[in-house]
Amino acid sequence: MSVTETDARTAHSAGVERLLASYRAIPPNATVRLAKPTSNLFRARAKTTAKGLDVSGLGDVIAVDPEKRTADVAGMCTYENLVAATLPHGLSPLVVPQLKTITLGGAVTGLGIESASFRNGLPHESVLEMDILTGAGEVVTASRSQNSDLFHAFPNSYGTLGYSVRIKIELETVRPFVELRHLRFHTLADLFAAMDRIIETGGHDGKPVDYLDGVVFSADESYLTLGFQTSTPGPVSDYTGQQIYYRSIQHPEGEKHDRLTIHDYLWRWDTDWFWCSRAFGAQDPRIRRFWPRRYRRSSFYWKLIAYDQRFNIADRIEKRNGRPPLERVVQDIEVPIGRAAEFVDWFLANVPIEPIWLCPLRLRDDTTWPLYPIRAHQTYVNVGFWSSVPVGPSEGHTNRLIERKVSELDGHKSLYSDAYYSPEEFEELYGGETYKTVKKTYDPDSRLLDLYAKAVQRR
């Protein structure tokens, strides 16, 4: 063990002790929460003055093992810091969610996805073991063979079964560049048929595909982007400055080629938060020219969103202009690939939001994850849409329509944003009795919030 690794493990141990001390300092009848300045959740939370858990010292990479292709990582470590530690070894996490400040612990206890998910599944599938602070105030190690009930129920529990303190994950070898092919389609049926072929064969034109995602601009303009890792040097594009990545995808016909470094490919969506930076004027060339580069990142846009939510700025503007207030529709859903065209067609006809993101996924093996029970050996398509629409006749009108449609198509939706399910619907979709049993075992006094209370009642 190197001196650096020894120091990192010592610092991590000290951080765990501070975490435990802060837990013990919370009154026995008080709800336990993390004390952290940032969040990637897009649902409101009840305000509280209670002191949260001290997570200082739990935001670093503890160690990278290039030979075994593994990493020990603190639960609050961001993917930005994790990737910075692994890329010098020619390694990457198996799935790197799109935004730099998503934490590894957040992606495991929530859900993460990216363009490698069609071959590598979801982030929690690469976890080898975790140290978890449970609601009982104990740090336990969970793996497929140790406390396996907690290990398998942890994904999609959103901190209601405990908080990850340390996570050991698999890594994969990556090359320094990614060649991109943007394929244009004029019908959604053709796009999903091509997506299905690529996933089933693992390649395109006889060449293995490493990354696969897509963008729908309209019913007759959609794209698949295929990524091919390469070691061959050459010119690369830069979408961290004046050029905007998602606009580079568009072209009239056929294929368009591009190249990025592996680093810039992994973070291609972060500079403009996919396309959401346009809401702040950051895509207007007259404004972008003077927008500091350090503020062209998702974490800064999130701060602007949080400020808007706090002071209802957008709704005030709409009211002043004689328009109705807005309903936030910020969601990621998964439907089987055979129903994906049906969902997107319905969405385009009923929800005035564009573009939308497509990302296929398949679970890596037969392991079941009860709180997000998608089926093994079946391809799903994640559809992401993040904007707002005029309010409907009842609270959450458009979001409720989407929830019903997703359930109708045998799909699921992530819980990082607003949800409106009844307790009965929620229990059927997200763990049911399995969740209750694991909750009782590891949080017997209900020190942590219940998943329904946190995700739907927004406590």
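The following legends describe close-up views of a predicted model.

**View A. Strand E9 and its burial.** Strand E9 spans residues 177–185. Eight of its nine residues are buried, so E9 is largely enclosed by the rest of the structure.

**View B. Pairing of strand E9 with strand E13.** Strand E13 comprises residues 221–230 and runs antiparallel to E9, to which nine bridges join it. Within this pairing, Arg181 stands opposite Leu226 of E13.

**View C. Pairing of strand E9 with strand E14.** Seven bridges connect E9 with strand E14 (residues 255–261), again in the antiparallel sense. His182 has Lys256 of E14 as its bridge partner. In a regular strand, side chains alternate between the two faces of the sheet.

**View D. Nonpolar cores.** The largest nonpolar core contains 87 residues. Leu150, Trp269, Trp275, Trp357 and Phe426 have the most contacts inside this core. A second, separate core consists of 37 residues, including Phe185, Phe192, Ala194 and Phe228.

**View E. Packing of helix H6 against helix H12.** Helix H6 (residues 188–201) and helix H12 (residues 337–350) pack at an angle of about 150 degrees, and their axes lie 10 Å apart. Angles over 145 degrees count as roughly antiparallel, and H6 and H12 are therefore roughly antiparallel to each other. The crossing of H6 past H12 is right-handed. On the H6 side, the contact is made by Leu188, Phe192, Met195 and Asp196. H12 contributes Ile337, Ala340, Ala341, Val344, Asp345 and Leu348 to this contact.

Definitions and conventions: Residues are numbered from 1 along each chain as its sequence is written. This is a predicted model: local features need pLDDT of at least 70, side-chain atom pairs count only at pLDDT 80 or more; totals for chains, interfaces and linings use all residues. Side-chain values use heavy atoms; hydrogens and water are left out. Buried means under 20% relative accessible area, exposed over 50%, partly exposed in between (1.4 Å probe, protein chains only). Helices (H or I, at least four residues) and strands (E, at least two) are DSSP runs, numbered from the N terminus. Two strands pair if DSSP finds at least two bridges between them. A nonpolar core is a set of buried Ala, Val, Leu, Ile, Met, Phe, Trp, Tyr and Cys residues joined through side-chain atoms within 4.5 Å. Axes are lines fitted to C-alpha atoms, for helices over the stretch in contact, and angles run from 0 to 180 degrees between N-to-C directions. Angles under 35 degrees count as roughly parallel, over 145 as roughly antiparallel, 65 to 115 as roughly perpendicular and the rest as oblique. A crossing is left-handed if the near helix is turned anticlockwise from the far one by less than a right angle, and right-handed if clockwise. Contact means heavy atoms within 4.5 Å.
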